[in-house]
Amino acid sequence: IMASWSNNLLIDGNSILNVSPAASSGAGIFLDNSSGSVIRNNTINGVLGYCTTCYNVYGIGLSTAVVNTIISNNRINRIHYTAGGKWWAYGIDVTTSSNNANILISNNMVSNVAHDYGMNTTWSTYGIRITSTGNVRVYHNSVFLRGSYFVPSSGAGQSAALLVNTSTANIDVRNNVFANRMYGASGSKSYALYVATNPSTIPLSALDYNNYDVSGTSQGVLA
């Protein structure tokens, strides 16, 4: 489901299964240039990127100029990029380029997200990723990453249940479960929460009552 330049959308109760893009990025639900949308009660099971030029895969993606939007009570599972092209896989991605986006992410379940390899804040595996966006509330979500990266011969991978990336502000994170038990080649890293900003500009307005779990083999493990 893709919507652009559309306001006050209700995307409710859909089952989106086994999306497999042949020559483009892939997403279960993707919005840009929209306001007032509600994305709720959807099941997204399988967004699968197999070709080296297919770029990224998302469960739910909010892109440029999406504001005043709710993502709630969705189940997102099996978001995989496996082709060896060093692209990425995100369960929920919020990249709106708005300083006051007013986004609520609540009561979602995200699991089984994985890319092939790569270790930065773009080319990696993230259950929920927030970047270039301000005023986002993340409440009562459960994110569980596990298993191995789809590593070809190219090296280590990086993952986080929640990534709060650069150019973010007023990110309110409460009452979530962030679990990450991914493993990979030597040098791979697994985070429950990864805040990838300058320490002098911490973007979190609240970080309360969350549960964190990390584990791994032959890698750095950071929470």
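Student: With which side chain does the side chain of Arg129 make a polar contact?

Tutor: Please keep in mind throughout that this is a predicted model. Arg129 is found in strand 13, which covers residues 125-130, and among the residues in contact with Arg129, leaving aside its neighbours within four places in sequence, are Ile92, Thr121 and Leu163. The side chain of Arg129 makes a polar contact at 3.3 Å, and the side chain on the other end of that contact belongs to Tyr90.

Student: Is Arg129 buried or exposed?

Tutor: A residue counts as buried when its relative accessible area is under 20%. The relative accessible area of Arg129 is 8%, and Arg129 is therefore classed as buried.

Student: Which residue forms a salt bridge with Arg129?

Tutor: In general, side chains of opposite charge can pair when their charged atoms come close. The salt bridge of Arg129 has its closest N and O atoms 2.9 Å apart, and the pair links distant parts of the chain, with Arg129 in strand 13 and the other residue in strand 10 (residues 89-94), 36 residues apart. That other residue is buried too, with a relative accessible area of 4%, and the partner of Arg129 in this salt bridge is Asp93.

Student: How far apart in space are Arg129 and Val94, C-alpha to C-alpha?

Tutor: Val94 is among the residues in contact with Arg129, although the two are 35 residues apart in sequence. In space, from C-alpha to C-alpha, the distance between Arg129 and Val94 is 6.2 Å.

Student: How many salt bridges does a search of the whole structure find, and which residue pairs with Arg40?

Tutor: A search of the whole structure finds four salt bridges. The one formed by Arg40 has its closest N and O atoms 3.1 Å apart, and this pair links distant parts of the chain, with Arg40 in strand 5 and its partner in strand 2 (residues 10-12), 28 residues apart. Arg40 counts as partly exposed at 33% relative accessibility, and its partner, partly exposed at 31%, is Asp12.

Student: Which parts of the chain are tied together by the salt bridge between Asp213 and Arg181?

Tutor: The side chains of Asp213 and Arg181 meet in this salt bridge at 2.8 Å, N to O. The two residues belong to two strands, so the pair ties together parts that are 32 residues apart in sequence, namely strand 21, where Asp213 lies, and strand 18 (residues 177-183), where Arg181 lies.

Student: In what order do the seven strands of the open sheet come, and which strands stand at its edges?

Tutor: Strands of a sheet pair through backbone hydrogen bonds, either parallel or antiparallel. Here seven strands form an open sheet with parallel pairing, in the order 3-6-9-12-15-18-21. Two of these strands each have a single partner strand, so one side of each is left without a neighbour in the sheet, and these edge strands are strand 3 (15-19) and strand 21 (211-214). The twist from one strand to the next averages 10 degrees.

Student: What is the bridge partner of Leu17 in strand 6?

Tutor: Strand 3 and strand 6 (residues 43-49) run parallel and are joined by four bridges. In strand 6, the bridge partner of Leu17 is Asn45.

Student: Which residue in strand 11 stands opposite Ile70?

Tutor: Strand 8 is joined by three bridges to strand 5 (residues 38-40), in parallel, and there Val38 stands opposite Ile70. Strand 8 is also joined by four bridges to strand 11 (residues 103-106), which again runs parallel to it. In strand 11, the residue opposite Ile70 is Leu104.

Student: Where is Tyr209 found, and what is its phi near?

Tutor: Tyr209 has its place in the loop between strand 20 (204-208) and strand 21, and it is exposed, with a relative accessible area of 70%. Most residues other than glycine have a negative phi. Tyr209 has a positive value, with a phi near 60 degrees.

Note on methods: Residues numbered from 1 in each chain as written. Predicted model: local features only at pLDDT ≥ 70, side-chain atom pairs only at ≥ 80, totals over all residues. Heavy atoms only, no water. Pairing = 2+ DSSP bridges. Axes fitted to C-alpha atoms, helices over the stretch in contact; angles between N-to-C directions. Buried < 20%, exposed > 50% of the residue type's maximum accessible area, 1.4 Å probe, protein only. Contact = heavy atoms within 4.5 Å. Polar contact = N/O pair within 3.5 Å; in protein donor to acceptor, adjacent residues only side chain to side chain.
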